[in-house]
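Colleague: I would like to go through this model with you before I set anything up. Could you take my questions one by one?

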Amino acid sequence: AVGELGAVLVAPDDAGRAPVLPSPPSIDIVAPQDGSEIVAASVTLQGRVTYSAALAGVELIVNGHPYAASRLFEAPDSSHLTPLGDGRTEFAFVQSLPLEPGNNVLAIRALGGDGNDDQRYVFVRRTIPPPAAGRRSPPPPAAPPGLTLAEVETALANHVPERRMAA
């Protein structure tokens, strides 16, 4: 009877359990602020992803359309993932994104090499002011900020073509 009770009370080994993942990647969005009202036809998304292990890539989706997670990379493939694949645990992103009139959803997903992921959403509203009598058309949107040191390091680590760095 004691042997039967002991067999019931002893927990099975961990061989059949899924591995425990660390905390998911952290996504810090610097700009734009959630809930922003924007008049321009585009917005510059800027932020940083950090993780305790290697990052596999980052997805950036605007109103259902995928974009490269950084202006240094080519558009993502059909998986929507901008692959990093160089073992980095940190990734700074800056990308100019088109906005539709009305509400827009910017979705950012970070994927660790171990399959762990997290996502953040930024909601912005593009407003189009009514034309005023005698008013000229609005000036073109400001150019995105210059490349940061982190972006240049990312470009060098990922062998980004020089023509993409000049864009």
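Colleague: To begin with, what strand order does the open sheet of three strands have, and is the pairing parallel or antiparallel?

Modeller: The order is 1-3-7, and the pairing is antiparallel. Strands here are DSSP runs of E with at least two residues, helices are runs of H or I with at least four residues, and both are numbered from the N terminus. Two strands count as paired if DSSP finds at least two bridges between them.

Colleague: Which strands stand at the edges?

Modeller: Strand 1 (26-31) and strand 7 do; each has a single partner strand, so one side of each is left without a neighbour in the sheet. From one strand to the next, the twist averages 25°. The axes behind that angle are lines fitted to C-alpha atoms, for helices over the stretch in contact, and angles run from 0 to 180 degrees between N-to-C directions.

Colleague: Before we go on, what kind of model is this?

Modeller: It is a predicted model: local features need pLDDT of at least 70, side-chain atom pairs count only at pLDDT 80 or more, and totals for chains, interfaces and linings use all residues. Residues are numbered from 1 along each chain as its sequence is written, and side-chain values use heavy atoms, with hydrogens and water left out.

Colleague: How many helices and strands are there in the protein?

Modeller: There are three helices and nine strands. Read from the N terminus, the elements run α-β-β-β-β-β-β-β-β-β-α-α.

Colleague: Back to the sheet. How many bridges join strand 3 and strand 7?

Modeller: Nine bridges, in the antiparallel sense.

Colleague: Which side chain does Arg48 meet in a salt bridge?

Modeller: Arg48 meets Glu90, at 2.7 Å from N to O. A salt bridge here is a side-chain nitrogen of Lys or Arg within 4 Å of a carboxyl oxygen of Asp or Glu. The pair links distant parts of the chain, with Arg48 in strand 3 (residues 42-50) and Glu90 in strand 7 (residues 90-98), 42 residues apart.

Colleague: And what is the relative accessibility of Arg48?

Modeller: Arg48 has 31% and counts as partly exposed; Glu90, with 41%, is partly exposed too. The scale calls a residue buried under 20% relative accessible area, exposed over 50% and partly exposed in between, with a 1.4 Å probe and protein chains only.

Colleague: How many salt bridges does the count come to?

Modeller: Five. Among them, Asp86 and Arg88 meet at 2.8 Å, N to O. Asp86 is partly exposed at 32%, whereas Arg88 is buried at 14%. There is also a network of salt bridges that links Glu59, Arg109 and Asp117.

Colleague: Changing topic: where is Arg120?

Modeller: Arg120 lies in strand 9 (residues 117-126) and is partly exposed, with a relative accessible area of 34%. Its side chain forms a salt bridge with that of Asp118, at 3.0 Å from N to O. Asp118 counts as buried, at 19%.

Colleague: Which residues is Arg120 in contact with, leaving aside its neighbours within four places in sequence?

Modeller: Arg120 is in contact, meaning heavy atoms within 4.5 Å, with Ile27, Ile29, Leu106, Ala107 and Ile108. Arg120 and Asp28 are 92 residues apart in sequence, yet 8.6 Å apart in space from C-alpha to C-alpha.

Colleague: What partners does strand 9 have? Take strand 8 first: how many bridges are there?

Modeller: Strand 8 (residues 102-112) pairs with strand 9 in the antiparallel sense over 10 bridges, and Asn104 stands opposite Val124. The two strands form a hairpin with four residues between them, and Gly115 in the turn has a positive phi of about 95°. Strand 2 (residues 37-38) runs parallel to strand 9 and is joined to it by two bridges, with Glu37 opposite Arg125.

Colleague: Lastly, what share of the residues counts as buried?

Modeller: Of the 167 residues, 32% do. Among contacts with a separation of 6 or more, 71% come from residues 24 or more positions apart. The protein exposes about 10,000 Å², of which carbon and sulfur atoms supply 58%; these areas come from the Shrake-Rupley method with a 1.4 Å probe, and for residues only the protein chains shown count as cover.
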